[in-house]
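The sequence and structure are shown first.

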Amino acid sequence: MSKKNVLHVKNLNKIYSKNSNKSIHALNNLNLEVKEGEIFGLLGPNGAGKSTFINILSGLVKKSSGEVNVWGFDLDKNPRQVKASLGIVPQEVNLDPFFNPKKLLELHAGFYGVKKNQRITEIILKLVSLEDQASSYSRNLSGGMKRRLLVAKALVHQPPIVILDEPTAGVDVELRKNLWENLKSLNDQGVTIILTTHYIHEAQQMCDRIGILNKGDLVALDTTKNLLDKIQTKTVRFVLNNKANIKDNSLDTLKIVSNNNNELIVSYEKNKLEIEKIISFLGNQNVKINDISTDDGDLEDVFVNLTKN
Ligand code: ADP
Ligand code: MG
């Protein structure tokens, strides 16, 4: 079953011009689509254009050219409907210190025109695990709680799409896990999630599809699984009965990473060489293999490859 696309981006460009002789092409002909119900991750090093993209969607930054369609609404023609379809969690924490979470969410729901009897304040507070802090001043919340309150704020009008810019930046490991769980349960309820992050391992675990931006160019766009399948270099660790004595390594692409005592670590390209050949090669060197473990590489390898200059 193929799901419909809820975000279409066509030939999107953003050029910031500071003065007449210096301009920055922050987004260069960006094309992408996000499907209903998926968790889509936009990855990229600092300055790649991630926040520029999010800020165009939220209306904070004006695009230079191109088309953006959200939930069936064109950004130029129906900006209000686009806004109503999105819940945006900004990168910067910016909350009024004198309101408590409950009050803040009620006020925000009011801004969005959500009627009193249609508000889901308690449910949202529970979702972001802030029900115990419902009545504490925002200024007394920890950094992680403030960030979760920002997520809560983006949910008051029950948008079908939630967009988060670096939601876990500066959040400690425990709260990060908690935040990812909150996002997962939102997603389980059918909400489409789009996020930017530089925590590549978390993106690998969380996201169905990933786009990688580098200096305004989309250098990869695929399912997380397909991106991982593209990694060709495999690393293997052998535990041997004694030190391997490798004189002539004639196997194509085989590299000795380290060879200490009875541990030998090698790498090879999986489209050029099979592990059986390495095993029989070691057998010919008169060493016995006691244990083998392999490392398939992860998204970090893909990322480094695509964003290095
Ligand atoms: P990211 O979020 O991936 O770190 P940004 O979208 O913030 O990247 O920035 C992309 C590029 O655009 C960077 O080179 C940045 O310096 C530049 N940029 C961002 N905002 C502005 C702005 N308001 N004025 C001028 N240049 C900007
Ligand atoms: Mg950013």
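The coordinates belong to a predicted model.

**Ligand 1**

A polar backbone atom of Gly47 is 2.7 Å from an oxygen atom of ligand 1, and a backbone N or O atom of Gly49 is 3.0 Å from an oxygen atom of the ligand. On its own, ligand 1 has 570 Å² of accessible area, of which the protein covers 64%.

The surrounding shell consists of Tyr16, Lys18, Ile24, Ala26, Pro45, Asn46, Gly47, Ala48, Gly49, Lys50, Ser51 and Thr52. Sorted by class, these are five nonpolar, five polar and two charged residues. At least two shell residues come from each of strand E1 (5-19), strand E2 (22-35) and helix H1 (50-58). Helix H1 gives the most, with three residues.

**The magnesium ion**

Ser51 belongs to the shell of ligand 1 and is also a donor to the magnesium ion, ligand 2. Which atoms of the protein are the donors of this ion? They are OG of Ser51 and OE1 of Gln91, at 2.1 to 2.7 Å from the ion. The pair joins distant parts of the chain, since Ser51 is in helix H1 whereas Gln91 is in the loop between strand E6 (86-89) and helix H3 (101-111), 40 residues apart. Ser51 has 24% relative accessibility and therefore counts as partly exposed. Gln91 falls into the partly exposed class because its relative accessibility is 32%.

**Positive phi angles**

Most residues other than glycine have a negative phi. Ser129 has a positive value, near 55°, and Thr253, likewise not a glycine, has a positive phi of about 70°. Ser129 is placed in the loop between helix H4 (121-127) and helix H5 (143-153). Thr253 occupies the loop between strand E11 (233-240) and strand E12 (255-260).

| Residue | Relative accessibility | Class |
|---|---|---|
| Ser51 | 24% | partly exposed |
| Gln91 | 32% | partly exposed |
| Ser129 | 30% | partly exposed |
| Thr253 | 21% | partly exposed |

Methods. Residues are numbered from 1 along each chain as its sequence is written. Chains are lettered from A and ligands numbered from 1 in the order in which they are written. This is a predicted model: local features need pLDDT of at least 70, side-chain atom pairs count only at pLDDT 80 or more; totals for chains, interfaces and linings use all residues. Side-chain values use heavy atoms; hydrogens and water are left out. A residue is near a molecule or strand if one of its heavy atoms lies within 4 Å of it. A polar contact is a pair of N or O atoms within 3.5 Å; within protein, one must be able to donate a hydrogen and the other to accept it, and residues adjacent in sequence count only if both atoms are side-chain atoms. Accessible areas come from the Shrake-Rupley method with a 1.4 Å probe; for residues, only the protein chains shown count as cover. Helices (H or I, at least four residues) and strands (E, at least two) are DSSP runs, numbered from the N terminus. Ala, Val, Leu, Ile, Met, Phe, Trp, Tyr, Cys and Pro count as nonpolar, Asp, Glu, Lys and Arg as charged, and the others, Gly among them, as polar. Donors are N, O and S atoms within 2.8 Å of the metal (3.2 Å for Na, K and Ca); water is not among the atoms, so sites may look incomplete. Buried means under 20% relative accessible area, exposed over 50%, partly exposed in between (1.4 Å probe, protein chains only).
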